[in-house]
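The sequence and the structure are shown first, and the description follows.

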Amino acid sequence: MTNTIKTHGGRRLGAGRKLGNNMAQPTTVIRVPVNTVKIIKNFVSTLTREHASQTHVGFSDLIQFIRARQHITLPLYTSKVAAGFPSPADDHIEKRLNPSDYLVENDTATFFVRVKGDSMIEAGIFDNDVLVIDRSKTHQTGDIVLAMLDGEFTVKILTQSKKGVSLIPANRNYSAIEVKKKQSLEIWGVVTGSMRKFK
Amino acid sequence: MSRSITLVDCNNFYVSCERVFNPKLKNKPVVVLSNNDGCAIARSEEVKTLGVGMGEPWFQFKDLVKKHNIIICSSNYALYADMSDRVMSILSEFGFNQEIYSIDECFLDLTGFQKDGLTSYAQEIRRCIQQQTGLPVCIGIGTSKTLAKLANHIAKKNGPFQGICNFNAMTAQKQNKWLHKIKIGEIWGIGKQLTPKLRQIGIYNAFDLKHASPEILSLQFSVSLKKTICELNNIACVELEETTAPKKQIACSRSFGVLITSFKNLEQSITLYVSRAAEKLRQQNSYTRSIHIYIRTSPFNKKESCYANSMTISLPEQTDNTLTLIRFASLGLRKIYRNGYKYQKAGVLLSKIVSSKEYQPSLFSKKKSQVKSDNLMIVLDQINTLMGKKMLTVAAEDITQPWRTRQSNRSPGYTTNWNDLIVVDRFI
């Protein structure tokens, strides 16, 4: 393929009849704020799939759509359900699992930071991971911590011994930082978890 | 039993919030500016020492900024609100009753805790807030709110207290020594107008006021002054209010980022402010009967011609409907707008507010259409709560808003936006 611009002849971009839609309805062009495009597109495509026949779509549908996407809802059952029988266990549906409960122990003291770089990969912390920092935890030797060394944030493993405090990376290619007396060190919080999205 | 009312107050709250997330601000002079980068609304200790006053307009201390490398932050209210929420919720676990007095201070009732043990309990509170949020606080304890405030003031201004002043644990002699030091204007509830009047009759400090006659002074001034005197004498008169009373007035106003001249832009800004005010109105389940709008040019710019005008519109019936309010605000604006001026500020004030219980529909109201429009408001608020502010707005607000408030140095939403998280990328 060459990228030379054609001056005449051939196909013109954007020309011709527009693609049809699968919405079983006439459509219209609307102007929306950029940050809402994704959610509105999502809404419309869900709508097309689920309620193609529905003639009137109200605000309540939009709200329902948003609500459905606000919480992660994985019902947890206490027993297996036998097919065919209405199970008595259905009365005992317990609280839905929420990843926040799993990752966050103390809501008021929890903060998130994003990691760049590879100095902690052997501890399972990769580039672009979001770390969960719990400030209510007291730091101990061996904890992964978010430290503030001379006014810069860094994530390392903390070790404290008679010799002094060190910040150890979890990557063979990096060397440990022995914190000198004249340096200022503050342990900002203890890293208690990490989050990563693949898609 | 004598009370142990405690006031916990964050030190230089806005500056401290910024410092938690930006280590480069530590031990440096930092000032946080109000909306539109107008005035100093929070100052670090370093800046206070340099003599920058609270609320001082930015252009007045511009030279100090250059000379001392003062770091300027625009206000980041989303961050401050989240940090405040964290502090208040941690504090709620320490006391039986809590009154959130403002974004950075709250009263706790610790009555029943041992007098001496209370100081170490307060130290624990302070340590806990510091560790979990990174914010420094000062704590004052007294037998009344007024004395708790006063103790807090002492703790804040005097280093040796290490942030905690338990007035109840002091001997009477020591208490008096401190009361002598507190000037009359520094007492809670004694304002700028009252201060010179009290001085005239020989009341200069908290000790003088404590020993003044409440009966005589309440005749001469007001009942609230009598309460203050009682409170200084260890009689708690002002109880903790755990729920805030609905507001009697709701205001929304801003200075513009750029001076604006066109009617269209002014109308857009007024529309935005009405929307915000109406939202607050509905949040507290109230209706308004009157809307006041005002516009003005800059009072500081002597070269340009000045103009300021306002208008109060009585509404035909009580309403909480954004669209109705915008219609009337727009009509009012048309009346007071004059061509050819450079406007710097506009604002909206809703008054004559009544709660929904006292709502009286007018005899001739067009009920059906109104119900439809009111339902629209409910949906509007729901969507905006669920999907974030400003998801749905009235089109007249204009999406681009070129006149929007100037905030050139605002910090990221560290705790409220996934895209604004602190990035840790130092390998060292």
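## Salt bridges within chain A

In chain A, Asp129(A) and Arg196(A) form a salt bridge through their side chains, with an N to O distance of 2.9 Å. Because Asp129(A) lies in the loop between β3 and β4 of chain A and Arg196(A) in the segment after β9 (185-195), this pair ties together parts that are 67 residues apart in sequence. The model is a predicted one. Asp129(A) is buried, with a relative accessible area of 0%, whereas Arg196(A) is partly exposed, with a value of 39%.

A salt bridge also links the side chains of Lys137(A) and Glu105(A), at 3.1 Å from N to O. Lys137(A) belongs to the loop between β4 (130-134) and β5 (144-149), and Glu105(A) to the loop between α3 (99-103) and β3 of chain A, so the pair ties together parts that are 32 residues apart in sequence. Lys137(A) is partly exposed, its relative accessible area being 31%, and Glu105(A) counts as exposed at 66% relative accessibility.

## A salt bridge within a helix of chain B

In chain B, the side chains of Asp82(B) and Arg86(B) meet in a salt bridge of 2.9 Å, N to O. Both residues lie in helix α4 of chain B, 4 residues apart, which is about one turn of the helix. An α-helix has 3.6 residues a turn, so residues three or four places apart point the same way. Both partners count as buried: Asp82(B) has 17% relative accessibility and Arg86(B) has 9%.

Salt bridges with shared partners also join Glu105(A), Asp134(A) and Lys137(A) into one network. Over all chains, the count comes to 17 salt bridges.

## The interface of the two chains

The contact between the chains takes 41 residues from chain A and 32 residues from chain B. The area buried between them is about 3200 Å², and carbon and sulfur atoms give 66% of that area. Across this interface there are 2 salt bridges. In one of them, Glu186(A) pairs with Lys26(B), the closest N and O atoms being 3.0 Å apart. Between the chains, 12 residue pairs are in polar contact.

On the side of chain B that touches chain A, the elements that give two or more residues are α1 (13-21), α4 (77-91), α5 (117-133), α14 (367-387) and β13 (422-424) of chain B. Of these, α14(B) gives the most, with 6 residues. The residues on this side divide into 19 nonpolar, 8 polar and 5 charged. Strand β13(B) pairs with strand β3 (residues 110-115) of chain A in the parallel sense over 3 bridges, and Ile422(B) in β13(B) stands opposite Val113(A).

## Buried parts of chain B

Helix α11 (residues 223-232) of chain B has these buried residues: Leu225(B), Thr228(B), Ile229(B), Cys230(B), Glu231(B) and Leu232(B). Their cover includes α6 (145-157), α8 (194-200), α9 (206-210) and α10 (214-220) of chain B. After α11(B) comes Asn234(B), with a positive phi near 70°.

Gln344(B) is placed in strand β12 (residues 343-355) of chain B. Gln344(B) counts as buried because its relative accessibility is 17%, under the 20% limit. The side chain of Gln344(B) makes a polar contact of 2.7 Å with the side chain of Arg296(B). Apart from its neighbours within four places in sequence, Gln344(B) is in contact with residues including Arg254(B), Phe256(B), Leu259(B) and Pro299(B).

Key: Residues numbered from 1 in each chain as written. Chains lettered and ligands numbered in written order. Predicted model: local features only at pLDDT ≥ 70, side-chain atom pairs only at ≥ 80, totals over all residues. Heavy atoms only, no water. Contact = heavy atoms within 4.5 Å. Buried area = accessible area lost by both parts, 1.4 Å probe. Salt bridge = Lys/Arg side-chain N within 4 Å of Asp/Glu carboxyl O. Polar contact = N/O pair within 3.5 Å; in protein donor to acceptor, adjacent residues only side chain to side chain. Nonpolar A, V, L, I, M, F, W, Y, C, P; charged D, E, K, R; others polar. Pairing = 2+ DSSP bridges. Buried < 20%, exposed > 50% of the residue type's maximum accessible area, 1.4 Å probe, protein only.
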